[in-house]
Amino acid sequence: MRKTYLLTPGPTPIPESISALFAKPIIHHRTPAFQNLFEEVRHGLKYLYQTKGEVLLLTTTGTGAMETAITNLFQKGQKVITINGGKFGERWTQLAQTFGLHPIEIALPPGDALEPAALEECVIQNPDARAILFQASETSTGVVMPTEDICRIASRAGMLSVCDAITACGVFDLPMDTWGIDVLITGSQKALMLPPGLAMISLSEKAWQAHERADLPRFYFDLSRERHAQTKNQTAWTPAISLIQGLQESLRMIRDEGLHNVFKRHELLAKATRSAVKALHLELLSKKAPSNAVTAVIVPSSISDGKLIPKLMRDKHGVIIAGGQDELEGKIIRLSHFGYCDRFDIITGISALELTLQELGHSFELGHGVRAILKTYSENPKP
Ligand SMILES: Cc1ncc(COP(=O)(O)O)c(C=O)c1O
């Protein structure tokens, strides 16, 4: 017998109370039962997003919602600024190019966060750009970006701030209305503790005005059509009903814990993970702005094939973590600590990492990672 532990930055583990819902008979979506469910979910999403605006549900994954933002906000040929801090920032550039926009990309070295001054400079050079497209948390490098600064710069320049918060929303504080985030996107298989298949997007008034003028081709992902239906507790098309039933439960769980307690839990888990990394003589990829969602760790030079770490952890110990992507393949590993994740999940992950590092000949004291975690917990009582 061997248990499996999922410590990847999406999909994340699913609580038993949510999995159990998927065994229930399906309900029809054009019924009062669905409308009641949907009404509660709409309120829960506004709480999660910290907005008075509508948060629209789409049956797609995060990338589908990113594409929706592009096709619903812009006109062909318009200029946008993209912040490329890794694979997902690069995706904004690719999407913009695909739909005939003119992206100006700020490319960051892997592991670096955006310096607001660099963005200010880019905005001065490109006053005709319509929007700044960025990640609140760049999952491929485990970096948190300065969302509040980005929104302030965008607002001053009359540009839209379009925030992919797919591994940020429900992980750390991103108050949409207070910070003036114009577009906020997330997906179900992350902090919402659900299987993949749902994405959420909310637009500020300024973004809705841009939507009125947008002329890129779209049909299925048309936000006017969705807003019209969803404010009546319906959806334009057949929705992923079972996932929405799961979402009702996950939003209840978040509300019961309290959004800010959820953030504190993630902060503690991230802090404990980072303390273990240091104790194991390893280095974080992000020195200055590590994300509370996922910790990216540089593979030590003593290990020639970095891809072996996630492979052995999975095959020998049943602990699934992520490796690096593209240019970071084999160079980093990523341990996730958000969603349905508590203090003892991190201990399991670090224990498996320690055994694996020992097998691969890395030099450290066995148990020091776990000890560092326990020390962090004892010094920071459970939120
Ligand atoms: C920050 C970020 N953006 C976009 C995506 C793409 O989302 P999906 O794979 O759900 O389409 C991911 C997925 O991991 C992500 O972490």
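Me: Which atom of Gln189 lies 2.8 Å from an oxygen atom of the ligand?

Reply: A polar contact is a pair of N or O atoms within 3.5 Å. Here a polar side-chain atom of Gln189 stands 2.8 Å from a ligand oxygen atom. Taken alone the ligand exposes 390 Å², of which the protein buries 87% (accessible areas by the Shrake-Rupley method with a 1.4 Å probe). This is a predicted model, in which local features need pLDDT of at least 70, side-chain atom pairs count only at pLDDT 80 or more, and totals for chains, interfaces and linings use all residues. Residues are numbered from 1 along each chain as its sequence is written, and side-chain values use heavy atoms, with hydrogens and water left out.

Me: How many residues surround the ligand, and which are the closest?

Reply: A residue is near a molecule if one of its heavy atoms lies within 4 Å of it. In this model 14 residues surround the ligand, the closest being Thr61, Thr63, Thr139, Asp164 and Lys190. A polar side-chain atom of Thr61 is 2.7 Å from an oxygen atom of the ligand, while Gly62 places a polar backbone atom 2.9 Å from a ligand oxygen atom.

Me: Which helix supplies the largest share of the shell around the ligand?

Reply: Helices (H or I, at least four residues) and strands (E, at least two) are DSSP runs, numbered from the N terminus. The largest share, three residues, comes from α3; α3 (62–73) and α4 (87–98) each supply at least two residues of the shell.

Me: What is the order of the seven strands in the open sheet?

Reply: Strands of a sheet pair through backbone hydrogen bonds, either parallel or antiparallel. Two strands pair if DSSP finds at least two bridges between them. Here the order is β2-β10-β9-β8-β5-β3-β4, with mixed pairing. Because β2 (55–58) and β4 (102–107) stand at the edges with a single partner strand each, one side of each has no neighbour in the sheet. Strands β5 (131–135) and β8 (160–164) run parallel, joined by five bridges, and Phe134 stands opposite Cys163 in β8.

Me: Which strands does helix α8 touch?

Reply: Contact means heavy atoms within 4.5 Å. Axes are lines fitted to C-alpha atoms, for helices over the stretch in contact, and angles run from 0 to 180 degrees between N-to-C directions. Helix α8 (205–213) packs on the sheet and touches β2, β8, β9 (183–187) and β10 (199–203), its direction making about 95 degrees with that of β10. Helix α9 (223–230) lies across β2 and β10, at about 105 degrees to β2.

Note on methods. Polar contact = N/O pair within 3.5 Å; in protein donor to acceptor, adjacent residues only side chain to side chain.
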